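I opened this entry to record what I looked up in the model. The notes follow in the order in which I made them.

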Amino acid sequence: MATRATIAIQNEYFTVNSIYTHWDGYPSHMGTMMLNHYNTRKKVEKLISMGNASSINETIGEKHDFNGERPKNQCVFYERDRGDQNQEAKYHPNLRHYIEGRAQDGEYCYVFTKRGWYYGKITGSVVMLEKLTKSACKKEGKTIDAY
């Protein structure tokens, strides 16, 4: 069963760009990926520029066959690897717009800001963000209760 998530970056003037990812969106996988492998603005911008993803892993990697054997530890993108159209990142005028809209496309959301990574568990239409830490990544199903 998929654990859907969205990944976003807050830009210089507080606009936001986001992508959807279908598999392994829970903190022990996605949060760990973000903290360990996508931990600079440049790396997050590159990840977001690839558009919506089937799965996020340690490296962005190169184009490969979506339905064939996949390189180990490499991300899988819908446009690059499957040829789907209209998979580019979505633009949001601000964080609130993202949270009230696109963030609802997943069970978790992850936002990279100038202060680092934040995440939230989607519960109905309410999303409360908290700082993403290694200990938070170990607590699946954790209730998110603070900004």
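Which residues is Ser18 in contact with, leaving aside its neighbours within four places in sequence? I found Ile7, Ala8, Ala89, Lys90, His92, Tyr98 and Arg102, where contact means heavy atoms within 4.5 Å.

I noted that this is a predicted model, in which local features need pLDDT of at least 70, side-chain atom pairs count only at pLDDT 80 or more, and totals for chains, interfaces and linings use all residues. Residues are numbered from 1 along each chain as its sequence is written, and side-chain values use heavy atoms, with hydrogens and water left out.

I located Ser18 in strand β2 (residues 16-21); strands are DSSP runs of E, at least two residues, and helices are runs of H or I, at least four, numbered from the N terminus. Ser18 counts as buried because its relative accessibility is 0%; buried means under 20% relative accessible area, with a 1.4 Å probe and protein chains only. I also recorded a polar contact (N or O atoms within 3.5 Å, one able to donate a hydrogen and the other to accept it) between the side chains of Ser18 and His92, at 2.8 Å.

I next examined β7. Five of its six residues are buried, so β7 is largely enclosed by the rest of the structure. β6 and β7 pair in the antiparallel sense over six bridges; pairing requires at least two DSSP bridges. Two residues lie between β6 and β7 in this hairpin. I found β7 joined to the antiparallel strand β8 (residues 130-131) by two bridges, with Tyr118 opposite Lys131.

Notes:
Buried < 20%, exposed > 50% of the residue type's maximum accessible area, 1.4 Å probe, protein only.
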